[in-house]
Amino acid sequence: MRRIFSGVQPTGNLHLGNYLGAIRNWVHLQQDYEDCLFCVVDLHAITVWQDPTQLRASTREVAAAMIAAGIDTEKSIIFNQSQVPAHAELAWIFNCVARMGWLNRMTQFKEKAGKNKENASVGLFAYPNLMAADILAYKGTHVPVGDDQKQHLELARDIAQKFNNDFGVDFFPVVEPLIFGEATRVMSLRDGSKKMSKSDPSDQSRITMTDDADAIAKKVRKAKTDPDALPTSKDGFEGRPEAANLMGIYAALSGQDLAQVIQDHGGHQFSQFKQDLADLMVDKLQPITTEMRRLADDPGYIDGVLKRGAEKARALSEPIMAEVHDIVGFLRP
Ligand code: AQP
């Protein structure tokens, strides 16, 4: 059986990277996989401080983005993590399986904790164990993610294998990452060496899923570039991360190969290309943004989708967790 699990944190500022690196791919995957679980990972979100009112709003916003982008709420399961107890429970078991040394090597913790490691939450350090639990509580087999999550997925594989070895079972599957297309890592519009991120203090660094056409045009116009014309071959991206990023985004949004985009736009000035890119972004993103706004006016509908999703997710996770209890040696009623 092939089962997809993937998630997005409700930490505000949902952006083009989340869309191209994750949500858009999920829409296609639901045609090919029998079971798809798409989760608003609110337990992950609180590994850094979240205002409770804002967290609720962002949870609904991410769910709305999934629905507006085309996730089918009947065929796929959309839910928020905290409504299904298996995530936190299995994460605790994995806290006891994973090794400190493994987590110490995680680059995302180093990036997010920065110089202030001593002050980071324990949850932020143990974040990858919760991510492994998210997937394995459903015996997920395939996980579509952006390139930035590859290391965490390798850890999920290590945890599954160690659990199986420690207890002498063949229980958890080996999880496969699914990484797609030209824009697996969308970079900041202000600095082509940094990924586009929700937590970047500059709103100019990202296109958010709620930006209107004017905001998109303005951000693209102001995006950092260099003085040269666009490269005419992939080799021309050397030392030009901003050019690579903007052309990569164009390729991903238009559904073309990067080579085709280079052929069509190579040698042009950035000013002209930026206009084309902004038009393309508006064309592709505005229908989703409009639908998100409509859904935002109906929070009862979103909450209903999440509640039904959580019920289905619980029904899948409960028998798996019962077996985990037996394997680990916990008494059951
Ligand atoms: N810049 C990106 N390019 C491509 N994919 C990306 N993803 C995130 N940023 C990019 C993918 O989006 C999914 C959900 O990500 P997340 O909510 O777990 O957040 P994150 O990976 O920690 O990155 P964010 O959104 O930028 O948040 P902050 O600022 O908190 O780090 C994942 O599949 C991820 O790969």
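Start by selecting Arg221: with 55% relative accessibility, Arg221 counts as exposed (over 50% relative accessible area; buried is under 20%, and partly exposed is in between, using a 1.4 Å probe and protein chains only). You're looking at a predicted model, where local features need pLDDT of at least 70, side-chain atom pairs count only at pLDDT 80 or more, and totals for chains, interfaces and linings use all residues. Residues are numbered from 1 along each chain as its sequence is written, and side-chain values use heavy atoms, with hydrogens and water left out.

Now widen the selection to residues 213–222, helix α9, where Arg221 sits (helices are DSSP runs of H or I, at least four residues, numbered from the N terminus). Color Ile216, Lys219 and Val220, which are buried in α9. They share one side of α9 because they cover an arc of only 95 degrees around the axis (taken from the directions from the helix axis to the C-beta atoms).

Next stop: helix α2, residues 42–45, which holds Ala45. Is Ala45 buried or exposed? Ala45 counts as buried, because its relative accessibility is 0%.

Finish with Val305 in helix α13, residues 299–328. Val305 is at 5% relative accessibility, so it counts as buried. Select Asn80 too: 225 residues along the chain lie between the positions of Asn80 and Val305, and their C-alpha atoms are separated by 10.0 Å.

Note on methods. Helices (H or I, at least four residues) and strands (E, at least two) are DSSP runs, numbered from the N terminus.
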